[in-house]
Amino acid sequence: AGEIAAKNIDSLNKFGKANFAVGNGHVVALGEKSTAKNEAFVYTVKKPADTNLATDIFYMVNEPVNVLVNGKYSGLTDDPREFNIPAGKKFTMYKPMIGDEVVITKDGIAGTKENEGQINTYVVPSTETTKLTWAADGTGVSLAYKYVGDTYVSIGNERVLAYRFICVKA
């Protein structure tokens, strides 16, 4: 995450648990509080769905990176692209707010920036994926980020293409 309000407002941060794998920068729809033992502050989450894109409350996954190889060996690589959160594991997430700025790598976004000659300038939740998806506008959804510009993030000796966004609808 980049500059986000949730860094300073505890009530915007929650714990989530999904029955599918997620990664940092992914968005999930907030569900009910878990009823499982020792999970009093954990919310179940679901993938975005067509019928609820305009009404769901979306949270962005923001878990400290601890890369595990084969799901159990830590410290063998520091490449955050190898990091994901397996189904059933608790993770931290935050409620995006208008004005939040984030940087997401190209591989962290579904769809394409250019579509049939048109440049998409928004990323929004999309059906059955937890990745934000390129879109022409932010209509019909309850969460939208506007493209600000290209940037790069350094991963080891590699410079990886990423995009900067500002939240315009939350």
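**View 1. Ile104 meets its partner in strand 15.** In this predicted model, Ile104 has Tyr163 of strand 15 as its bridge partner. The two strands here are strand 8, residues 101–105, and strand 15, residues 158–169. They run antiparallel and share 5 bridges. Tyr163 also stands opposite Asp150.

**View 2. A hairpin joins strand 14 and strand 15.** Strand 14 covers residues 144–155. Its pairing with strand 15 is antiparallel, over 11 bridges. Between the two strands of the hairpin lie 2 residues. Look for Gly156, where phi is positive, near 65 degrees.

View 3. Strands of a sheet pair through backbone hydrogen bonds, either parallel or antiparallel.

**View 4. Strand 12 pairs with strand 13.** Strand 12 spans residues 122–126, and strand 13 spans residues 129–135. They pair in the antiparallel sense over 4 bridges. Ser126 stands opposite Thr129 of strand 13.

View 5. Thr130 belongs to strand 13. Is Thr130 buried or exposed? Its relative accessibility is 6%, so Thr130 counts as buried; the cut-off for buried is under 20%. The side chain of Thr130 makes a polar contact of 2.7 Å with the side chain of His26. Leaving aside residues up to four places away in sequence, Thr130 touches several others, including Phe20, Val22, Val27 and Val28. Lys47 and Pro48 are also among the residues that Thr130 touches.

How values were computed: Residues are numbered from 1 along each chain as its sequence is written. This is a predicted model: local features need pLDDT of at least 70, side-chain atom pairs count only at pLDDT 80 or more; totals for chains, interfaces and linings use all residues. Side-chain values use heavy atoms; hydrogens and water are left out. Two strands pair if DSSP finds at least two bridges between them. Buried means under 20% relative accessible area, exposed over 50%, partly exposed in between (1.4 Å probe, protein chains only). A polar contact is a pair of N or O atoms within 3.5 Å; within protein, one must be able to donate a hydrogen and the other to accept it, and residues adjacent in sequence count only if both atoms are side-chain atoms. Contact means heavy atoms within 4.5 Å.
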